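Colleague: Could you take one part of this model and go through it closely? I would like the charged side-chain pairs, with their surroundings.

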Amino acid sequence: MTSNSQLPYETITHQIIGCAMRVHSFYGLGFPEVIYKRSLLIELEDKNLRYRTEMEKEIYYGGKFVGKRRLDLIVDDKILVEIKAIRELENSHYKQVLNYLNVFDLEVGLLINFGAESLQFKRLIRSAPSVKSSSNP
């Protein structure tokens, strides 16, 4: 468990955010999500961070299959990364990440938006039984 002054996987999340900042710094805004994602993967490789993309999970309701959800990225099998390239993040985007954390049974997620003037990011932390979020460091 971590102390109050340290967030779970803080070192890895800082590395991921740094990689995203380099990508945003290079391109600025105006590209589709896939360009930012592919560039972010190059940055992660340069930092020797392992990742998996397009992870898929079946969703069930009442024991019955209702669909699938696909993640953008999982780094080091610990950090869920959801990438956006939109003008402004909305509350529904945060809830999406929190839902993904629950479905994929992960503790920490990063929501990264390349579509604004400055890179936007939010670290979200799932903790049993409630879910809480933390702001940009």
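Modeller: Asp105 is exposed in this predicted model, because its relative accessibility of 57% is over the 50% cut-off. Its partner in a salt bridge is Arg126, with 2.7 Å between the closest N and O atoms. This pair joins distant parts of the chain, 21 residues apart: Asp105 is in the loop between α3 (91-104) and β6 (108-113), while Arg126 is in strand β7 (residues 120-126).

Asp77 is partly exposed, at 40% relative accessible area. Its side chain meets that of Arg50 in a salt bridge, 3.5 Å from N to O. Arg50 lies in the loop between α2 and β1 (51-53), and Asp77 in the loop between β4 (73-75) and β5 (79-84), 27 residues apart.

A further salt bridge, between Arg22 and Glu43, is 2.8 Å from N to O. It connects helix α1 to helix α2 across 21 residues of chain. Glu43 is buried because its 18% relative accessibility is under 20%, whereas Arg22 is partly exposed at 35%.

As for the helices that carry this pair, the axes of α1 (residues 10-27) and α2 (residues 33-46) come within 9 Å and cross at roughly 130°, so α1 is oblique to α2. The crossing is right-handed. Arg22 and Glu43 both belong to the contact, which also includes Ile16, Cys19 and Val23 of α1 and Ile35, Leu40 and Leu44 of α2. By class, the contact has 9 nonpolar, 1 polar and 2 charged residues.

Elsewhere, salt bridges link Lys37, Glu54, Glu56, Lys68 and Arg70 in a network. The count for the model is 10 salt bridges.

Methods:
Residues are numbered from 1 along each chain as its sequence is written. This is a predicted model: local features need pLDDT of at least 70, side-chain atom pairs count only at pLDDT 80 or more; totals for chains, interfaces and linings use all residues. Side-chain values use heavy atoms; hydrogens and water are left out. Axes are lines fitted to C-alpha atoms, for helices over the stretch in contact, and angles run from 0 to 180 degrees between N-to-C directions. Helices (H or I, at least four residues) and strands (E, at least two) are DSSP runs, numbered from the N terminus. Angles under 35 degrees count as roughly parallel, over 145 as roughly antiparallel, 65 to 115 as roughly perpendicular and the rest as oblique. A crossing is left-handed if the near helix is turned anticlockwise from the far one by less than a right angle, and right-handed if clockwise. Contact means heavy atoms within 4.5 Å. Ala, Val, Leu, Ile, Met, Phe, Trp, Tyr, Cys and Pro count as nonpolar, Asp, Glu, Lys and Arg as charged, and the others, Gly among them, as polar. A salt bridge is a side-chain nitrogen of Lys or Arg within 4 Å of a carboxyl oxygen of Asp or Glu. Buried means under 20% relative accessible area, exposed over 50%, partly exposed in between (1.4 Å probe, protein chains only).
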